[in-house]
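Subject: Structure for you to look at

Hi,

Here is the structure I promised to pass on. Please open it alongside this note. My findings follow below.

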Amino acid sequence: MDARTDRGTGNSLLGGMDEPVVRFENVGMRYGVGPEVLSDISFTIAPHSFQFLTGPSGAGKTTLLRLILLSVRPSRGLVSVFGEEVSGISSGALTSLRRRMGVVFQDFRLLDHLTTYENVALPLRVQGRAETSYRAEVVELLRWVGLGERMHVLPPLLSGGEKQRAAIARALIARPELLLADEPTGNVDPQLGRRLLRLFVELNRLGTSVLIATHDFALMDLVDARRFVLGNNRLRIEG
Amino acid sequence: MSDGATLARGKRREAPAADLPPTLRRNAPLVPTDTSAGRALAAVIAILTFLAALCAGGAEIVATSAAQWQGSVAQEVTIQVRPSPGRDTDADVAKAAALASATPGIAATRPFTKAESERLLEPWLGTGLDLGDLPVPRLITVRLGSGTPDLGDLRRRLAESLPGVASLDDHALWLSRLSTMANTVVGVGVAIVGLVLVATGLAVTFATRGAMAGNREVVEVLHFVGADADFIAREFQRRFFRLGLRGGAIGAAAALAVIGAGGALARVWRAGPAGDEIEALFGGFAIGWRGYASVVLIGVIASVVTAVVSRLTVRRFLD
């Protein structure tokens, strides 16, 4: 699989005319008064690009994803998402930025009192769309990720792999411009992992920028894409 | 099937409903409703609504009874004729009654005989006493007609014709005290209803904070999937409005049942030996359409207070 757009420069196929989807400049991040968990992080994610984020456990992958997701603010440096500098961003602008992102959490974060169908439909529902207007999309995506027979089931009754697929479907359903995935294949067998990865690549071909945090080198080897490697609180870009 | 085709096609086509299992739940509330905390809050709202509705019903009964008393008392005035040495009291009574009857707007006069006047004292002095030597005042009840008789003129003519002997009592002092008492009871009732609604608001505030804390993950996920604070506040408001409506309806229905049962008991008791006293105190123990409307309104207000307070609490929490 080749998911590259122009991975060497991080620019899109439009020759760098597009604004980066994400831009970090000398970003540092600490929790409270503790030491910095991320230091001097600088990178860009170009439109339509595909990249992996890797590094040992505790290296700060999840923190980096949370910074992009705007659920935490950097201690220093500049973070810009979809061209908007996020310090002092209004809650309305924050919501509209988040609607352009899809996220797969490592712990899935499905709502236990909603059916699989309702969980996957959630990003469309919060946009105020009528249920009939998105029913087909949700059903088709659920069938594609192999949950067609499980759409009426509540998450506590799903297996780990099924939860993973439901979480991925929820992240994809609104066709986000940027997909963030934290260990999205961690709970599925290699075959399904490859299938899900193919889904991410197809989504990328349709124009979505993708950032996948993973430990799985075998998975990364399947796609010729840039790798952001975190270690010693710093980021190194490979490829 | 191509993945891209799957993703692209999903945006265009709407699936017929038959594609989904008929039992599939598709639009459940985003904030869990049927929790023990939710049921407890509904119970608290039901109890508070019940108490507020009873207060309102009680105030309404007092106000209605007071209005009835005032109406019946205001329809009558009394002329008192005092016996004086050297005067023919019966002649004075007849003269005073004639003066009253001649006044326009007076429907009827009824002089009390000496025996009747003495009988009025029996509750205080007991029976079997010879009151013949006592100067017992004589009373004339004057029933007012539909017009508005000039009582000032009647009072003046009584003073001119029977100076120091006859006086007119239009019960103004008693009516004023009755009115003050009724207004006080109604005011206390309204204050209690207000306090109960404030207590409802406070209970909902704490319950909402608890619900927000208990649903922190739900709120976080809703944020991440692109819900704005207004959407989340609306979801909580909808949940609490339902709880408030349930509690308010139960409380109001219980209050109506108690008032209805009270009315039925009052009807039974009225047939008994203490019936007159009960009727004098509570009238018909009926709250009328205005009372029923107040009770229902309190139930609705409790629900609306619940919804508004929960929304404000969520907005403050999220901001």
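Start with N26(A). This residue sits in strand β1 of chain A, which covers residues 22-30. Bear in mind throughout that the model is predicted. The phi of N26(A) is positive, about 50°, although the residue is not a glycine. Most residues other than glycine have a negative phi. Is N26(A) buried or exposed? N26(A) has 12 other C-beta atoms within 10 Å, and 12 or fewer counts as exposed, so N26(A) is exposed.

With 11 other C-beta atoms within 10 Å, N232(A) is exposed.

Now chain A as a whole. DSSP runs give chain A 7 helices and 10 strands. Of its 239 residues, 50% are buried. Take the contacts in chain A between residues at least 6 apart in sequence: 71% of them join residues at least 24 apart.

Helix α3 (residues 116-125) packs with helix α5 (residues 160-172), both of chain A. Angles under 35 degrees count as roughly parallel, so α3(A) is roughly parallel to α5(A). The crossing of α3(A) and α5(A) is right-handed. Which residues meet there? From α3(A) come T116(A), N119(A), V120(A), L122(A) and P123(A). From α5(A) come A166(A), A169(A) and R170(A).

On to chain B. Here there are 11 helices and 4 strands. Buried residues account for 30% of the 319 residues of chain B. Among contacts in chain B between residues at least 6 apart in sequence, 86% join residues at least 24 apart.

Next, the sheet in chain B. What is the order of its strands? The order is β2-β3-β1-β4, in an open sheet of 4 strands with antiparallel pairing. At the edges are β2 (106-111) and β4 (166-169) of chain B, each pairing on one side only. Neighbouring strands of this sheet are turned by 20° against each other on average, direction ignored. A helix packs on the sheet too: α6 (residues 151-161) of chain B, which touches β1 and β4 of chain B. The direction of α6 makes about 165° with that of β4(B).

Look inside the sheet as well. Strand β1 (residues 76-81) of chain B runs antiparallel to β3 (residues 138-144) of chain B. The two are joined by 6 bridges. V81(B) stands opposite R138(B) in β3(B).

Last, an annotation. An unreviewed UniProt entry marks residues 185-207, 243-269 and 289-309 of chain B as "transmembrane region". How do two of those spans look in the model? Residues 243-269 of chain B are 100% helix and 0% strand, with end C-alpha atoms 38 Å apart. Residues 289-309 of chain B are also 100% helix and 0% strand. The end C-alpha atoms of residues 289-309 of chain B lie 29 Å apart.

Best wishes

Terms used:
Residues numbered from 1 in each chain as written. Chains lettered and ligands numbered in written order. Predicted model: local features only at pLDDT ≥ 70, side-chain atom pairs only at ≥ 80, totals over all residues. Pairing = 2+ DSSP bridges. Axes fitted to C-alpha atoms, helices over the stretch in contact; angles between N-to-C directions. Contact = placed C-beta atoms within 7 Å. UniProt positions renumbered as here; feature names shortened; annotations may be inferred. Buried ≥ 20, exposed ≤ 12 C-beta atoms within 10 Å, placed from the backbone. Parallel < 35°, antiparallel > 145°, perpendicular 65-115°, else oblique. Left-handed = near helix turned anticlockwise from the far one by under 90°.
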